[in-house]
Each structure stands twice: as structure tokens, then as C-alpha cells.
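I opened this notebook to keep track of what I looked up in the structure, entry by entry.

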Amino acid sequence: MLFLNRRGYAHHLVCHNCGHVFMCPHCDNLLTVHKGVNRLKCHMCENTVPIPDICPQCHSEALFEQGFGTEQVSEYLKTRYPDIGIERIDRDVVTSKTQLETRLNRITSGKSQIVIGTQMLAKGHDFPNVTLVGILDIDSSLFSDDYRSLENAAQLLTQVSGRSGRGNKKGRVIIQTHHKDNLLINQLINPDCTYLNIAEELLKTRKNLMLPPYTYQAFILSNSSERINAYSFLNQLYSELSGIAYNYSNLALTPVMSDKMEKQQNRYHFHMLVTCISRKTLNMFLTEVRNIVSRKSLSQDLRFAIEVDPIIMC
């Protein structure tokens with residue numbers, strides 16, 4: 001079994017002549033190459049366009065795919081092992097429960113002896129004959145500005161590795177990485193290290209940096225189809241809130257920042273992050289935020305929200 005948490009044929013398309021990268025017109029997102037259907041696809045808004053023959057900027061034909069996904073790996077495996085059944089499982093080829101069950105039956109019956117897939121394979125499946133798991137390009141999960149990335153990577157590695165050797169046969173796991181000295185990877189491959197040990201180490205880091213669960217966080221969010229409207233509203237709100245934030249002990253409020261993907265589905269997203277060591281104090285502050293906003297006259301296009309204990313960092 002091979003695991004790659006990236007569907008599609010290639011990560012994105014680039015012009016070798018001028019360096020133009022094909023982006024979604026509706027989102028700040030690279031278009032993923034899906035060669036089988038001859039489309040470039042945005043995995044944020046699902047917008048698709050045909051794969052072009054020439055660059056729209058310099059009209060060069062020197063376009064090349066960069067990075068790889070499950071579709072490309074599957075294509076290579078079928079070329080490399082033409083006499084072996086190859087099964088690919090991701091959201092591009094499995095769109096119903098029936099399709100998934102059909103593919104899983106081919107795996108358990110031995111008709112498909114090599115499996116390539118995304119997180120759909122990570123947990124909940126028992127393949128007693130799988131004795132080798134390959135985790136491709138784990139580096140993309142190790143480095144992120146989200147403080148939960150190492151925790152998520154540890155969970156994912158543990159779950160995927162657990163697909164190997166579930167029966168009476170011994171299992172083996174191979175991890176592909178450019179960072180063989182990475183602490184998390186070496187902890188995971190150490191037979192004396194448990195997931196609890198890793199959790200304790202990550203909690204120490206969280207405590208030193210005063211991150212949840214040792215503090216409490218909330219996002220104050222706005223978005224609009226007009227960039228200036230979303231930013232101006234939140235920036236004006238920040239001016240008001242920064243004047244009262246000092247009334248709340250051990251509470252920190254960041255200035256207005258763009259979301260990691262500012263433009264999503266033709267709307268522009270901004271946020272402020274509130275961090276506090278007291279849940280009660282945080283709730284009191286957010287109640288005041290709501291009261292301030294409730295007195296404002298917002299345009300129909302402007303959307304405002306407060307997200308407490310965010311799961312994904314904006």
C-alpha cells in the first residue's frame with residue numbers, strides 16, 4: 001500500500017519559458033493538474049478549466065507539471081507493474097459507497113495487489129494481506145504554520161502505518177522524506193516511543209509557547225466580495241477593540257491579517273486572533289465584540305463571524 005495525501009496528477013502547471021503559474025481565477029489557489037480528464041482543477045472551489053496547450057502570458061508551449069499526486073503514481077505503477085492489479089482510492093475516482101466497496105473487495109480478494117490512495121485509506125480498513133506500506137512525501141505534512149501540523153502528521157503516520165501487518169504476517173513501513181533527522185519521524189520509528197510520549201513532547205512545546213490547551217483562542221472574521229470592504233470593516237473594529245482589550249487581563253489581540261488563502265470563491269477573507277489564558281475572560285471579551293458589531297450597520301455583502309476554539313488556523 002502506498003499513501004500520498006495529494007490527489008490529482010500533478011500539484012500545478014508552470015510555463016518553463018516565463019514562469020507563469022496557473023492559478024484559480026476565483027481563489028488564491030494553484031490549479032491542480034488532472035490529466036485523465038484533461039482539466040486543471042481548483043481543490044478549493046472545484047472550478048475546472050481545460051489543460052491549455054500554450055501559456056496565456058508568453059504563448060510558449062513549454063508547459064510542464066510540477067509535483068505529483070495519486071493519479072501520476074497510479075499511472076507509473078501500471079507501467080512499471082503491468083501484470084499486477086493496481087487500485088487507486090481517492091475522491092476523484094471514488095464518489096460513492098458502492099464504488100469504494102467494489103475497490104475494497106478487489107483488494108481483499110487479491111485481484112489488486114498494489115494500492116495507492118489518500119486519507120480515504122488511512123483508517124477504518126482492515127487489509128490482512130498488506131505487509132508493506134509506503135508513505136510518500138511526508139515532508140508536505142511536517143512543515144506548516146499551523147501549530148497542530150506535527151500532531152496531525154503523527155496521527156496520520158500512525159494510522160497509515162497501522163494498515164501494515166494487521167494479520168499474522170509481519171508488517172513493514174517505509175517513509176519517504178528529505179529530512180531523515182526530523183525529530184517526529186525518528187520518534188515514530190523508535191519502537192520504544194509511544195504515541196503518548198509524542199503527545200507529551202508536543203504538549204511541552206505548546207506550554208512553552210502558550211498555545212492551546214494552555215490558552216484559549218478565537219478568530220474574529222470578516223469576508224466580502226470587495227476586498228477593501230472586508231479589510232476596512234475589520235480594521236475599524238480593531239481600532240475600537242484595541243482600546244478596550246487592556247481591560248481584560250492576559251488577553252492578546254492581533255492586528256488584522258489576511259487568511260492564508262485570502263481570496264476564496266471570489267470573496268476576500270481577513271481575521272484577528274484573540275488569545276487568552278482564561279476561558280471566562282475570553283468569553284466576556286467576545287460578548288463585548290458582539291455587542292459592538294450589533295450596533296453597526298453592515299452591508300448585505302459583508303459577512304462577520306466569531307470562531308471559538310478554531311480547528312484550522314486561518
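**Entry 1: the largest pocket.** I looked up the largest pocket, and its volume comes to about 1,500 Å³. Of the 37 residues that line this pocket, N5, Q119, S140, K260 and I312 are the closest to its centre. Helix 3 (139–142), helix 4 (149–161) and strand 13 (257–264) are the elements that give two or more residues to the lining, and helix 4 provides the largest share, six residues. By class, I noted 13 nonpolar, 15 polar and nine charged residues in the lining of the largest pocket.

I wrote down the terms here. On a 1 Å grid over the protein atoms alone, a pocket is an open set of points with protein on both sides within 12 Å along at least five of seven lines, a cavity is a set where a 1.4 Å probe fits but cannot get out, and lining residues have an atom within 4 Å of a point. Grid points are joined across faces, edges and corners, and a volume is the space filled by probe spheres set on the points. Helices (H or I, at least four residues) and strands (E, at least two) are DSSP runs numbered from the N terminus. Ala, Val, Leu, Ile, Met, Phe, Trp, Tyr, Cys and Pro count as nonpolar, Asp, Glu, Lys and Arg as charged, and the others, Gly among them, as polar.

**Entry 2: what I am reading from.** The model is predicted, and local features need pLDDT of at least 70, side-chain atom pairs count only at pLDDT 80 or more, while totals for chains, interfaces and linings use all residues. Residues are numbered from 1 along each chain as its sequence is written, and side-chain values use heavy atoms, with hydrogens and water left out.

**Entry 3: the chain as a whole.** I found eight helices and 15 strands in the protein chain, whose C-alpha trace spans about 70 × 55 × 40 Å along its principal axes. Of its 314 residues, 41% count as buried, where buried means under 20% relative accessible area, exposed over 50%, and partly exposed in between (1.4 Å probe, protein chains only).

**Entry 4: the largest cavity.** How many cavities of 30 Å³ or more are there? I count one by this rule, and the largest cavity has a volume of about 40 Å³. F3, N5, I135, L136, D137, I138, S140, S141 and L156 line the largest cavity, and by class they are five nonpolar, three polar and one charged. I135, one of these lining residues, sits in strand 9 (residues 132–135) and is buried, with a relative accessible area of 1%.

**Entry 5: salt bridges.** A search of the whole structure gave me 14 salt bridges, each a side-chain nitrogen of Lys or Arg within 4 Å of a carboxyl oxygen of Asp or Glu. R88 pairs with D90, with the closest N and O atoms 2.8 Å apart, and both residues are buried.

For E262 and R227 the closest N and O atoms are 2.5 Å apart. Because E262 lies in strand 13 and R227 in helix 7 (residues 227–244), this pair ties together parts that are 35 residues apart in sequence. E262 counts as buried at 12% relative accessibility, whereas R227 counts as partly exposed at 42%.

D301 and R267 meet in a salt bridge at 3.2 Å, N to O. D301 lies in the loop between helix 8 (279–294) and strand 15 (303–308) and R267 in strand 14 (residues 267–276), so this pair joins parts 34 residues apart in sequence. D301 is partly exposed, with a relative accessible area of 27%, and R267 is buried, with 11%. I also noted a network of salt bridges that links R7, K41, E46 and D92.

**Entry 6: C27 beside E262.** I found C27 in the loop between strand 2 (12–15) and strand 3 (32–34), buried with a relative accessible area of 2%. The C-alpha atoms of C27 and E262 are separated by 7.8 Å, although these residues are 235 residues apart along the chain.
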